[in-house]
Amino acid sequence: MSHQPSARAAHDRWAGQVVDDLERSARAEHELTVVLRGQMSLAEENAFRRAEALRAAALGLGPRGCALAAGISEKLLTDWRARQPAFDAAMAAAQTLARPPADSRPPAPSPAALGLLLRTVASGTTIAGAIESLGLSAHVVRRLRELNPGIDALVVAASGRRRRRRAMRRTTRTPGARLAYRLVEREE
């Protein structure tokens with residue numbers, strides 16, 4: 001008699017594959033940027049980050065989520081919007097396009113926000129920290145996890161990646177290890 005894997009184990013494998021795919025997608029996008037542009041100057045990198053913030057806004061993320069997606073602080077995003085009227089107008093337009101109709105369901109994270117939440121948790125941030133950094137409602141995320149076993153399995157899979165990464169860092173840390181810095185070319 002053959003023993004088939006339980007539905008829970010299959011669900012957990014699926015969630016793990018989705019989280020892996022999200023991480024691979026982000027790495028692939030970074031690698032494509034490097035191969036196309038090489039070492040970017042600070043101005044090029046800032047333009048790239050502004051484009052990422054715009055894309056996040058068009059996908060329905062709020063200011064915190066846009067900043068996180070662009071890899072910058074929310075304060076820097078606010079500064080860019082204040083100093084660059086064209087960028088501010090583009091962000092406002094992207095946010096308007098992404099706004100759901102008034103008669104739609106109660107606010108829930110967009111697929112882009114869920115993907116960014118999962119990638120953030122998998123990269124080492126706590127679930128609560130990721131929810132806060134994206135500006136999501138902890139109550140809404142908790143309720144979604146309770147009502148949708150798929151979303152709960154995805155969050156559990158991402159959290160499992162975070163725990164494994166933390167354990168690997170503890171075992172591979174060398175005494176006196178220093179942070180690595182990346183040099184960028186500044187244009188005057």
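**Figure 1. Helices of the chain.** The chain holds nine helices and zero strands, where helices (H or I, at least four residues) and strands (E, at least two) are DSSP runs numbered from the N terminus. Read along the sequence, the pattern is α-α-α-α-α-α-α-α-α. This is a predicted model, in which local features need pLDDT of at least 70 and side-chain atom pairs count only at pLDDT 80 or more, while totals for chains, interfaces and linings use all residues. Residues are numbered from 1 along each chain as its sequence is written, and side-chain values use heavy atoms, with hydrogens and water left out. Of the 188 residues in the chain, 27% are buried (under 20% relative accessible area; exposed is over 50%, partly exposed in between; 1.4 Å probe, protein chains only). Among contacts (heavy atoms within 4.5 Å) between residues at least 6 apart in sequence, 66% join residues at least 24 apart.

Figure 2. The buried residues of helix 1 are A15, G16, V19, E23 and T33. G38 follows helix 1 and has a positive phi, near 70 degrees.

**Figure 3. The largest pocket.** A pocket is, on a 1 Å grid over the protein atoms alone, an open set of points with protein on both sides within 12 Å along at least five of seven lines; a cavity is a set where a 1.4 Å probe fits but cannot get out, and lining residues have an atom within 4 Å of a point. The largest pocket has a volume of about 1,100 Å³, a volume being the space filled by probe spheres set on grid points joined across faces, edges and corners. Its lining has 33 residues, of which A26, H30, E52, A69 and R119 lie nearest the centre. Helix 1 (7-37), helix 2 (42-58), helix 3 (63-70) and helix 6 (111-122) each give two or more residues to this lining. The largest share, nine residues, comes from helix 1. The lining divides into 14 nonpolar, nine polar and 10 charged residues (Ala, Val, Leu, Ile, Met, Phe, Trp, Tyr, Cys and Pro count as nonpolar, Asp, Glu, Lys and Arg as charged, and the others, Gly among them, as polar).

Figure 4. G65, C66, A67 and A70 are the buried residues of helix 3. They pack against helix 2, helix 4 (74-83), helix 5 (85-98), helix 6 and helix 7 (127-134). G71 follows helix 3, with a positive phi near 75 degrees. Leaving aside neighbours within four places in sequence, A53 is in contact with C66, A70, L77, F87 and M91.

**Figure 5. The largest cavity.** One cavity of 30 Å³ or more is found in a search of the whole structure. The largest cavity holds about 40 Å³ of space. P109, L114, L117, V141, L144, I151 and V155 line this cavity, with helix 6, helix 8 (138-147) and helix 9 each giving two or more residues. The lining comprises seven nonpolar, no polar and no charged residues.
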